[in-house]
Amino acid sequence: MPFNRNIELGRVCLVNLAADPLYGKLVTIVDFVDMNRVLVDAPGIQRCVISLRRLAVTSLVVDLEEKSPSKEALAAALKAADVEGKWAASAWGKKLAKQAARKNLTDFDRYKVMVARTKRKALIAKALA
């Protein structure tokens, strides 16, 4: 199977360097600076140049009309492509959402999860016995 996640205009990427202020955000490539850097933009962030080493390329692509579209045109293209919905439905997006939910659990929530896991294990053992 050929590699399908090419660096191209409109490709949606995830910023994966923890030291970056955009860490964990979905950004869209809107222009190329050189072989190693691209101009990225997304709603709610300022357009900036970022190294390709800091980006994890997703399989999502937005159809951009021109190079370096305005913020409004990019927002409309993202909404038309339903990027947030597709990301939330993808396995990668679900995994990150699950990690974020577990990270925000309180001590009592972790206790309730442990009790539920114990009860589930007992039910499975009873059914298999």
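This is a predicted model: local features need pLDDT of at least 70, side-chain atom pairs count only at pLDDT 80 or more; totals for chains, interfaces and linings use all residues.

Student: What makes the backbone of Ser 68 worth a look?

Tutor: Its phi is positive, about 50°, although Ser 68 is not a glycine. Most residues other than glycine have a negative phi. Ser 68 lies in the loop between S5 and helix H1 (71-81). Helices (H or I, at least four residues) and strands (E, at least two) are DSSP runs, numbered from the N terminus.

Student: Which label does Asp 82 get: buried, partly exposed or exposed?

Tutor: Asp 82 has a relative accessible area of 45%, so it is partly exposed. Asp 82 also has a positive phi of about 50° without being a glycine, and its place is the loop between H1 and helix H2 (83-89).

Student: How do you know that S1 is enclosed?

Tutor: Five of the five residues of S1 are buried, so the strand is largely enclosed by the rest of the structure. Both faces are covered: Arg 11, Cys 13 and Val 15 are buried on one side, Val 12 and Leu 14 on the other.

Student: What makes S1 and S5 a pair?

Tutor: Two strands pair if DSSP finds at least two bridges between them. Strand S1 (residues 11-15) and S5 have four bridges, in the antiparallel sense, so they qualify. Across that pairing, Leu 14 stands opposite Ala 56 and Cys 13 opposite Val 57.

Student: And how many bridges join S1 and S2?

Tutor: Three, again antiparallel, with Leu 14 opposite Leu 26 in S2. The open sheet has five strands in the order S4-S3-S2-S1-S5, with antiparallel pairing.

Student: Why are S4 and S5 called edge strands?

Tutor: Strand S4 (48-51) and strand S5 (55-61) each pair on one side only.

Student: What makes something a pocket here?

Tutor: On a 1 Å grid over the protein atoms alone, a pocket is an open set of points with protein on both sides within 12 Å along at least five of seven lines, whereas a cavity is a set where a 1.4 Å probe fits but cannot get out; lining residues have an atom within 4 Å of a point. The largest pocket holds about 210 Å³ of space. Its lining includes Leu 14, Val 15, Tyr 23, Leu 96 and Lys 103. S1 and helix H3 (91-103) each give two or more residues to that lining, and H3 has the largest share, four residues.

Student: How do the residues of that lining divide by class?

Tutor: Five are nonpolar, three polar and one charged. Ala, Val, Leu, Ile, Met, Phe, Trp, Tyr, Cys and Pro count as nonpolar, Asp, Glu, Lys and Arg as charged, and the others, Gly among them, as polar.

Note on methods. Residues are numbered from 1 along each chain as its sequence is written. Side-chain values use heavy atoms; hydrogens and water are left out. Buried means under 20% relative accessible area, exposed over 50%, partly exposed in between (1.4 Å probe, protein chains only). Grid points are joined across faces, edges and corners, and a volume is the space filled by probe spheres set on the points.
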